[in-house]
Amino acid sequence: DLAKQWGKIVARHAYGDSGPGLDVDFDQMEQIAAAATAGLAAGTLEHLAERQAQRLPDESPCPACQKPGRLSTRPRQVVARGATITLQEPIAHCPACRRDFFPPTTPPQT
């Protein structure tokens with residue numbers, strides 16, 4: 001229901017309160033809807049991935065030597081259902097091993 005309401009907002013933004021003119025065909029309306037769908041998917045996925053990455057600690061143990069590696073991010077394009085998005089992918093660097101690695105998504109077992 002919420003997405004359907006956003007669709008009405010997109011329609012008003014694209015064509016104004018009076019809607020599309022009689023010269024606008026269904027294909028043109030469908031292109032607006034497809035762009036809105038891709039934008040909604042991209043915005044949602046990028047925001048959720050960013051929020052999830054904020055839960056990671058500032059450092060992560062290197063899988064080879066277990067020394068702490070500082071986390072940073074790098075952009076990575078990902079093709080998702082309905083959109084191509086740019087994620088700020090978390091990555092850590094181990095200064096001892098001189099290698100990059102992805103932080104684990106689950107805490108280590110103690």
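**Exercise 1. Is arginine 98 buried or exposed?**

Start with the scale: buried means under 20% relative accessible area, exposed over 50%, and partly exposed in between (1.4 Å probe, protein chains only). Arginine 98 has 72% relative accessibility, so it counts as exposed. Next, find its place: arginine 98 sits in the loop between strand E3 (83–94) and strand E4 (99–101). Helices (H or I, at least four residues) and strands (E, at least two) are DSSP runs, numbered from the N terminus. Finally, look at the backbone: phi of arginine 98 is positive, near 55°, in a residue other than glycine. Most residues other than glycine have a negative phi.

A word on what you're looking at: this is a predicted model, where local features need pLDDT of at least 70 and side-chain atom pairs count only at pLDDT 80 or more, while totals for chains, interfaces and linings use all residues. Residues are numbered from 1 along each chain as its sequence is written, and side-chain values use heavy atoms, with hydrogens and water left out.

**Exercise 2. Where does glutamine 66 lie, and what is its phi?**

Go to the loop between E1 and strand E2 (68–80), and there you'll find glutamine 66. Now check the angle: phi of glutamine 66 is near 70°, a positive value in a residue other than glycine.

**Exercise 3. In what order do the elements of the chain run?**

Then walk from the N terminus on, and you read α-α-β-β-β-β.

**Exercise 4. How many residues does helix H1 have, and what follows H1?**

Helix H1 covers residues 2–15, which is 14 residues. From its first C-alpha to its last, H1 reaches 20 Å, close to the 20 Å expected at 1.5 Å a residue. That expected span is 1.5 Å times one less than the number of residues in the helix. After H1 comes glycine 16, with a positive phi near 85°.

**Exercise 5. Which residues does serine 60 touch, and is serine 60 buried or exposed?**

Locate serine 60 in strand E1 (residues 59–61). Its relative accessibility is 5%, so serine 60 counts as buried. Now list the contacts (heavy atoms within 4.5 Å). Leaving out residues up to four places away in sequence, serine 60 touches Lys67, Pro68, Gly69, Leu71, Phe101, Pro103 and Pro104.

**Exercise 6. What separates the C-alpha atoms of glutamate 46 and glutamine 88?**

Begin in helix H2, where glutamate 46 has its place. Glutamate 46 and glutamine 88 are 42 residues apart along the chain, and their C-alpha atoms are separated by 8.2 Å. Glutamate 46 also touches Ile85 and Thr86, not counting residues up to four places away in sequence. At 31% relative accessibility, glutamate 46 counts as partly exposed.

**Exercise 7. How many residues apart in sequence are glycine 7 and threonine 37, and what about alanine 49 and valine 10?**

Take glycine 7, which lies in helix H1. Glycine 7 and threonine 37 are 30 residues apart in sequence, and 8.7 Å apart in space, C-alpha to C-alpha. Then turn to alanine 49, found in helix H2 (residues 26–53). Alanine 49 and valine 10 are 39 residues apart along the chain, with 24 Å between their C-alpha atoms.

**Exercise 8. What is the radius of gyration of the chain, and what would a compact globule of 110 residues have?**

The globule would be near 13 Å, but the chain has 21 Å. Here the radius is taken over C-alpha atoms, and the globule rule is 2.2 Å times the number of residues to the power 0.38. To finish, check burial: buried residues make up 15% of the 110 residues in the chain.
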